[in-house]
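Reader: I am new to reading structures, and I would like to go through this one slowly. Could we take it in questions and answers?

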Amino acid sequence: VDRGTPKSYRVIDPMLSQSIMSSGFSPMRAIEDFFGAMPGVGKYEWFNKGLTKLLVFSSRGLREAVTRAPPFQVKNILRDSMQASVVFGGGPELIFKALKNAVDPSIVERAERAGLGIAVDWSPDPRDAGKQAARMIKRENMTWANPLDWASLLWSALGRFAKQSEVATRMAVLDTVMEKTGGDASQATLEAMEIINYGRRGSSPMFGILTSMSPFINGRVQGMDAILRTHMGAMDAPGLFLEEGTEIDDAKIKRFRQLMAARRGLYIAAGTALYWWMVHDDEEYKNAREDLKNDWWLVPLGGGLPGLKIPIPFEVGVFYKVIPEQIIRMLAEEQHDFRDVRAETIRQIRASLNLDLRPQLIRPIIDAIANKDVFQRDNIVPQWMMDSVAAPEQFNPYTSKVVRIISDVIDKIPLVNNMTFLTSPMKLEYMMRQWSGTIGAYVMVTADRLARDATDENTVGSAA
């Protein structure tokens, strides 16, 4: 509509038109409009905006609390670089380049200038256009000389390290392509972006809304998309495939790409076989939980030292670490049979393909009511305790003292005390950890220690 007059335009490329039309879509505004159309409550604008912020910011808050934690950042670099070593290529050299980039203070600026600074759950919103600039100006005026700024500066520093870990692998790919192609910036940017393209969202507004309420879903989708396109030999998949081969005709290039991707993955499978041969007799490995054996490389250090845990990449790790190790264990271990291999393979594939689109705001509540820990793949409260112990008494030495105090208070509130997922300390702690992420877990452990000291309670054998 132009000045009240409807106008129509014919475009040569309909897909280009659709991409432009969806570029201004705001998930937050769409959620507000949805609640605004509800009878009875839709007329209360404060309710619509408040509930929308709860749904979206619970997801954003968890993402920030997880990605700003230093242990996650180290795991993120290793996972991304190992994933890229299969999807793109480069092997161990690429991994070391990514590790070097992660400690380069100028890497974020370089990545942003190259257009490679898109976050995992990036969701454009026109109303947020000026907020980033305002935050940058405010941060520039902060100083360590003012104690009131310390918390904000520490939070900003953690955010900076998170960005460095996020772009480290992308910039390693960018620099590798620039070296191989003699400085082809457009090719290098494309390759670096496509190892996991967080902006490759499609045109579905509904998917944009769901990913804005569910953290890390977009990353899992894009990771699976990249690994599938690479192994299908798609021409738009990343990787300088021809650098290691000879001249081949177009009819064979798809097959060549598939074989190259599989060969890169088999290096990880071969390394896993060697790893198993070295650790399978170690007591620490044999006594480890099954989920730890499958989701990590557990390297014993000996001498009474705790072993080293190296995280496996998500999609690549399933196909080239977990499944080969399961087959080796089936062939070599008497207590590990085909049923174990089948069960773990199904579990890993389900975990990779099962996209949990429940809003983060209510997801922990649903899990607590069902008594299911989706990360440990076990019950939150052991079944024997559920059957024989009252909800307020459902705790063990590892349960936070602060959470136990909170659950006791809730248990004294009429009507609310009938909600056992709130009065059970173990379930309440599970929900609080799922809402607050890794940073929140650090705060909870610190508060637990202070509470136990204040009440003169024993801390030996507890999380504190």
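Predicted model: local features only at pLDDT ≥ 70, side-chain atom pairs only at ≥ 80, totals over all residues.

Reader: Which residue lies over the face of tryptophan 296?

Author: Residues are numbered from 1 along each chain as its sequence is written, and side-chain values use heavy atoms, with hydrogens and water left out. A charge sits over a ring if NZ of Lys or CZ of Arg is within 6 Å of the ring centre and within 35 degrees of the ring normal. At 4.3 Å from the ring centre of tryptophan 296, the residue over its face is lysine 309.

Reader: And over the ring of which residue does the charged end of arginine 404 sit?

Author: The rule for a charge over a ring applies here too, with CZ as the atom for Arg. The charged end of arginine 404 is 4.4 Å from the centre of the ring, and that ring belongs to phenylalanine 395.

Reader: How many helices and strands does the secondary structure of the chain come to?

Author: Helices (H or I, at least four residues) and strands (E, at least two) are DSSP runs, numbered from the N terminus. Counted in this way, the secondary structure of the chain comes to 21 helices and 4 strands.

Reader: What share of the 464 residues in the chain do buried residues make up?

Author: A residue is called buried under 20% relative accessible area, exposed over 50%, and partly exposed in between, using a 1.4 Å probe and protein chains only. For the 464 residues of the chain, the buried share is 40%.

Reader: How many salt bridges does a search of the whole structure find?

Author: A salt bridge is a side-chain nitrogen of Lys or Arg within 4 Å of a carboxyl oxygen of Asp or Glu. Some are joined up, as in the network that links Glu290, Lys293, Arg329 and Glu333. The search of the whole structure gives a total of 20.

Reader: With which residue does arginine 229 form a salt bridge?

Author: The closest N and O atoms of this salt bridge are 2.9 Å apart, and the partner of arginine 229 is glutamate 194. The pair links distant parts of the chain, 35 residues apart, since arginine 229 is in helix H11 (residues 217–231) and its partner in helix H9 (residues 185–194). Both residues are buried, and the name asked for is glutamate 194.

Reader: Are lysine 321 and glutamate 325 buried or exposed?

Author: Their side chains meet in a salt bridge of 2.5 Å, N to O, and both residues lie in helix H15 (residues 314–332), 4 residues apart, about one turn of the helix. Lysine 321 has a relative accessibility of 0% and glutamate 325 a relative accessible area of 1%. Because these values fall under 20%, lysine 321 and glutamate 325 are buried.

Reader: What is the N to O distance in the salt bridge of glutamate 283 and lysine 286?

Author: Being 3 residues apart in helix H13 (residues 283–287), glutamate 283 and lysine 286 are separated by about one helical turn. Glutamate 283 is partly exposed at 47% relative accessible area, and lysine 286 is likewise partly exposed at 41%. Between their side chains, the N to O distance is 3.2 Å.

Reader: How is the aromatic pair of tyrosine 275 and tyrosine 285 classed: stacked, or edge-to-face?

Author: Rings of Phe, Tyr and Trp (its six-membered ring) pair if their centres lie within 6.5 Å, with planes under 30 degrees apart counted as stacked, over 60 as edge-to-face and the rest as tilted. By this rule the count comes to 1 aromatic pair, with 6.2 Å from centre to centre and 85° between the planes of tyrosine 275 and tyrosine 285. Tyrosine 275 lies in helix H12 (residues 250–279) and tyrosine 285 in helix H13, so the pair ties together parts that are 10 residues apart in sequence. With that angle between the planes, the pair is edge-to-face.

Reader: Which residues is serine 58 in contact with, leaving aside its neighbours within four places in sequence?

Author: Serine 58 lies in helix H3 (residues 45–67) and is buried at 14% relative accessibility. A polar atom of its side chain lies 3.4 Å from the backbone nitrogen of leucine 361. Contact means heavy atoms within 4.5 Å, and with those neighbours left aside, the residues in contact with serine 58 are Lys53, Gln360 and Leu361.

Notes: Polar contact = N/O pair within 3.5 Å; in protein donor to acceptor, adjacent residues only side chain to side chain.
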